[in-house]
Every structure is written in C-alpha cells, then in structure tokens.
Amino acid sequence: MSALRRKFGDDYQVVTTSSSGSGLQPQGSGQSPQQQLVPKRKRQRFVDKNGRCNVQHGNLGSETSRYLSDLFTTLVDLKWRWNLFIFILTYTVAWLFMASMWWVIAYTRGDLNKAHVGNYTPCVANVYNFPSAFLFFIETEATIGYGYRYITDKCPEGIILFLFQSILGSIVDAFLIGCMFIKMSQPKKRAETLMFSEHAVISMRDGKLTLMFRVGNLRNSHMVSAQIRCKLLKRE
C-alpha cells in the first residue's frame, strides 16, 4: 500500500476488488484480491492559489439593485469579455442614436430631397441619407473634420443637438475609458508570479506551535509593504 502511494502520489486511492470482477471477494475462498487505482475526487478549495475566495453569497435580497447602484465598480469587476462587449455595444448604440437624430432633423426640414439644389441651404451640408448622417456624426465625434459635411447657421436645432452630442460623448468617453483604464491597471495577474509552498507545517518556534509556509517571488522587482492574509476553517 505504501509502495503504491509513493509511486502514484496522493491523487489516487487503492480499491480492493475480487479477481473475477463480480462483486466483493468472500473470505476464505483462496483467491487473491486485485488492487485497482481509482482517482480521488477533487475537493473544491475554499481559497484558490491565486487568492480568490470561492464563496458566493446568497439570499441577500435585492442583490441586482445593489450591484446596479455601484455600476462603475460592477463594470470594473466584470470579466474582460463582458467589458469589451459592453464597451462596443455602448458606443455602437450611442453612435446609431445620434446619427438617427441628425437624420431626423434632415428629414423633417426636407434636406434629403433638396440636398442637391444649388441655392438651398440645408441644416448639415451634404447629408442626404442615413449613411451620410452617420459619417457626419463620426467625423464630428472623433474630431476628424474632412470639411465636406458641416453645420450651417440656418439650423438652430442642429446647434442644440451638436451641444448635446458633445456633452454626451464626453460623459460616455470618461465613463467607459476610465473603467477600462482602472481594469487594466489592476494587478490581478501579479499572483501568477508568487509561489506558495505545496505543504504547510506546524512546529515549535519561539516556544509556541506555529503554522509555517513559504512564499516566493519569481520577479526581480521587490514588493514593498507586502501583506499576507490567511483564513482558518474549523468546525464548531
């Protein structure tokens, strides 16, 4: 038994079965039992090696509203795939909405049918369909300014919409870019280069029983004011 354990490690347990494989071996039959190696069932860790705690709180009541009340922190704590999805979706919806507003102004003023008339001054020059309205919004929002599409002074509603677009764009940029910047600056992968000893020991140190384990840093950079927290599980 000890030889098998030394050979295969603690990930397997030895199970004794009969030689025929049809049930338990009765005593006194004279047949030698066979030993099989069965993988042990992995127990879920309370705390992972990277420090993540595998505890989920439940039955708290109005849990969703609590997360939405702190939306910025919720977005920062999401996984990268959800952050990128929300980032792309928010900008796409905002761009389509603002382009639709410019198209509605051009449609209500009749600029779509009179865009090619020589002596007519539209709200936005050279906007005669939705794709051109979308391109005008992108040029304005990204401050590209090709000079082909521009707002004229004959359209007060366009000036108001332009101010609203500038304010809304600044808010969306500050919120999403700030969220992405904070998420990228978090050292969540720093624990990948910290190695903990495989086993912990309890021995006498300074006259007291002390739990001891080793921590190693694989990087050449030093960690200043590092703190280590441990969690103890016991039955009560």
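Is Arg109 buried, exposed or partly exposed? Select Arg109: the residue is partly exposed, at a relative accessible area of 24%. Here buried means under 20% relative accessible area, exposed means over 50%, and partly exposed is in between, with a 1.4 Å probe and protein chains only.

Before going on, note that this is a predicted model, in which local features need pLDDT of at least 70, side-chain atom pairs count only at pLDDT 80 or more, and totals for chains, interfaces and linings use all residues. Residues are numbered from 1 along each chain as its sequence is written, and side-chain values use heavy atoms, with hydrogens and water left out.

**Whole chain**

Show the protein chain as a cartoon. There are 7 helices and 6 strands, in the order α-β-β-α-α-α-α-α-α-β-β-β-β along the sequence. These elements are DSSP runs numbered from the N terminus: helices are H or I with at least four residues, strands are E with at least two. Of the 236 residues, 17% count as buried. Switch to a surface: the chain exposes about 19000 Å², and carbon and sulfur atoms supply 58% of that area. Accessible areas come from the Shrake-Rupley method with a 1.4 Å probe; for residues, only the protein chains shown count as cover. Of the contacts (heavy atoms within 4.5 Å) between residues at least 6 apart in sequence, 51% join residues at least 24 apart.

**Salt bridges**

Side chains of opposite charge can pair when their charged atoms come close. A salt bridge is counted when a side-chain nitrogen of Lys or Arg is within 4 Å of a carboxyl oxygen of Asp or Glu. The count is 3.

Asp111 is buried, with a relative accessible area of 0%. Glu157 is partly exposed, at 31% relative accessibility.

Next, select Arg149 and Glu139, a salt bridge whose closest N and O atoms are 3.4 Å apart. Arg149 lies in the loop between α6 (130-141) and α7 while Glu139 is in helix α6, so the pair ties together parts that are 10 residues apart in sequence. Arg149 is buried at 15% relative accessible area, and Glu139 is buried at 9%. Shared partners join Arg109, Asp111 and Glu157 into one network.

**Helix α4 against α6**

Select α4 and α6. Their axes come within 8 Å and cross at roughly 120°; axes are lines fitted to C-alpha atoms, for helices over the stretch in contact, and angles run from 0 to 180 degrees between N-to-C directions. Residues of α4 in this contact include Trp95, Trp102 and Trp103, and those of α6 include Phe130, Phe134 and Ile138. By class, the contact has 13 nonpolar, 1 polar and 1 charged residues. Nonpolar covers Ala, Val, Leu, Ile, Met, Phe, Trp, Tyr, Cys and Pro; charged covers Asp, Glu, Lys and Arg; the others, Gly among them, are polar.

**Helix α6 against α7**

Phe137, Thr140 and Glu141 in α6 meet Phe162, Gln165, Gly169 and Asp173 in α7. This contact divides into 2 nonpolar, 3 polar and 2 charged residues.
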